[in-house]
Amino acid sequence: MNKFKIFSLALVATTSVVKAQDIKEARKAIDAEQFQKAKSLLKSIIKAKPSDGEANFVLGNIYLNQTVVDSAKIYYLNGIEASDKKNLNYIGLGQIDLDNKNTAAAQANFGLATKDMKRKDVDEYIYIGKAYMNSVNPDYNSAITSLKRALLIEPQNATALLTIGDAYYGANNQNEAYKAYRDAFTADPTLLRAKMQLGVLLKGAKSYDEAIKAFNEVIAINPNYGPVYRELAETYYKWGRNKPSTSKVNMQNAITNYEKYLSLTDYSLDSKMRHADFLILVKDYKNLESVANKMIAEDKVNPRIYRYLGYSAYENGNIDVALKSLEDYVKVPSNKVIAKDYLYLGFAKIKKGTAADGTVEAGAFEAGLTDIKKAVAMEPLAVEDLGDFGKELFTKKQYNQAAAIYELSTNNTDQKNYLNDNVYYGISIFYANANKDKTAIDAAGLAKADAAFDRVLVASPTYDEAYLYKGRINNLLEKDDLIIKNYEEYVAKTTAKGAEELAKPATVKKIVEAYNAIGASYANTDKAKAIEYFNKSLVLDPANTYAAQSVKALK
């Protein structure tokens, strides 16, 4: 579904021409995602006519969409006391029930909303369908059932067709969604959101160039229709992510279109926060830090701003600002803390404890790792953001710390970096032990590294370097049988690649390493075999001192 929930655009007959015009303008503002403007219009209606149940309901929907539940409920309850269309407000209360997973209460409220409907009324069924979709616990099938009731009464109702298109889209029924959106636009060619949604379907199918064409068709009809620029921004962003070669151009196009979208909506704090969320997606942290500081100057109350400041300050190297912002944010129980908050807080603590030479103070690392673990516990796929941080530690030769980071993601097969993280985990443990005295070697850790490369080979059987590292790991553990087995496997797999691969200096060096390790493993049990392998090394590298001295010692 779209990132922002969309309210019904159905117009209802009223007794007041002025009020009808205001409601129509409020709905147009909602569709354009100009929520601040819509709020002002609706509050004016309610002030002029407190008994207007419909205005209370629509205003409550805006607040509920923005997760300001207390305000939403106030307007719904006010609307129930009204004399005009008070029944709609039961639908709003029903959505709150759905959000709280109280389906029985929701259905009871929906029953109150529909019990006095006239034979040709459809708005209640449309709003109920939207309530099922817009809930934090969406039920698309129930939404479809309600919307079909509306379409039985009025088959060409454009709003009902648009809304059932959204329901089908949410239920992953792309064919029915396409048909519904197409029929909605045919029924009402002014309903640009229906035409825009055809592009959204193409975006979801990763047909990015076709989606952009579809969105440009909407712009050709009305260049001031704001939401289409948001869809363009998200399309360019996804195109850039899925095709890295286009990333630079597409990310800039994403930012340009999002700024255009903002210029056509209200510059409320809420819209600026949506902008901040988008800047995080496109990794424009320099701009994000500037936006966050401006928001703080305007509104020192909303704590979410400090999340944005924390993220951007960390990415821009302002670690002290990042630490203070994120610590202040997560310590407040009423703040809605997400996994990324703890992730960045953990990164900041570790970065704060990192010396100029790259070494990390143990206490700082453990404190940071604790927060990172909290993030992973909240959202297991948070491990997808650990790779670059682990690699940075690895590059600075902080191998034990890198291994501790990568270990968090090595068993999560659903995450996109599963293969790469297991490779780096195994290599990190190997290098952490490579130069240690035998008495100081972490045998348990090396066993985990060996198991990581087993996982690598299951995920990617052609990753032959895994056998090389398994040979090296078992060399440190002095397990002769496994040294021989894994190095021989590496040689066999590499030889099968042909003469071109075998001619590479880097490959020759690794095969010589394998022959020497196998020779050393045979030295105490089969001298002839040992000499055979050391001689193989000398064929490839006649100046190899270790092989030459070993042959001499064994004869």
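Reader: In which helix is Gly-199 found, and is Gly-199 buried or exposed?
Author: Gly-199 is found in helix H11, where helices are DSSP runs (H or I) of at least four residues, numbered from the N terminus. Its relative accessible area is 0%, and buried means under 20%, exposed over 50% and partly exposed in between, with a 1.4 Å probe and protein chains only. The model is a predicted one, in which local features need pLDDT of at least 70 and side-chain atom pairs count only at pLDDT 80 or more, while totals for chains, interfaces and linings use all residues. Residues are numbered from 1 along each chain as its sequence is written, and side-chain values use heavy atoms, with hydrogens and water left out. Gly-199 of helix H11 is therefore buried.

Reader: Which residues does Gly-199 touch, not counting residues up to four places away in sequence?
Author: Contact means heavy atoms within 4.5 Å. With residues up to four places away in sequence not counted, Gly-199 touches Ala-211, Ala-214 and Phe-215.

Reader: How do helices H11 and H13 run relative to each other?
Author: Helix H11 (residues 192-204) and H13 pack with their axes 11 Å apart and at an angle of about 5°, the axes being lines fitted to C-alpha atoms over the stretch in contact and the angles running from 0 to 180 degrees between N-to-C directions. Angles under 35 degrees count as roughly parallel, over 145 as roughly antiparallel, 65 to 115 as roughly perpendicular and the rest as oblique. H11 and H13 are therefore roughly parallel.

Reader: How many residues of the contact of H11 with H13 are charged?
Author: On the H11 side the contact is made by Arg-193, Met-196, Val-200 and Lys-203, and on the H13 side Glu-231 and Glu-234 are among the residues. Ala, Val, Leu, Ile, Met, Phe, Trp, Tyr, Cys and Pro count as nonpolar, Asp, Glu, Lys and Arg as charged, and the others, Gly among them, as polar. The contact divides into four nonpolar residues, one polar and, as the charged count, six.

Reader: How do the residues of the contact of H20 with H22 divide?
Author: The axes of helix H20 (residues 362-378) and H22 come within 11 Å and cross at roughly 10°, which means that H20 is roughly parallel to H22. Phe-365, Leu-369 and Ile-372 of H20 meet Gln-401, Ala-404 and Ile-405 of H22. These residues divide into no charged, one polar and five nonpolar.

Reader: Of the aromatic pairs, what kind do Tyr-314 and Phe-347 form?
Author: The structure holds 24 aromatic pairs, where rings of Phe, Tyr and Trp (its six-membered ring) pair if their centres lie within 6.5 Å, and planes under 30 degrees apart count as stacked, over 60 as edge-to-face and the rest as tilted. For Tyr-314 and Phe-347 the values are 6.1 Å centre to centre and 35° between the planes, and the pair is tilted. Tyr-314 lies in helix H17 and Phe-347 in helix H19, so the pair ties together parts whose distance in sequence is 33 residues.

Reader: Why is the pair of Tyr-406 and Tyr-424 stacked?
Author: Tyr-406 lies in helix H22 (residues 399-407) and Tyr-424 in helix H23 (residues 418-433), and both are buried. The pair counts as stacked because the ring centres are 5.5 Å apart and the planes stand at 20°.

Conventions:
Helices (H or I, at least four residues) and strands (E, at least two) are DSSP runs, numbered from the N terminus.
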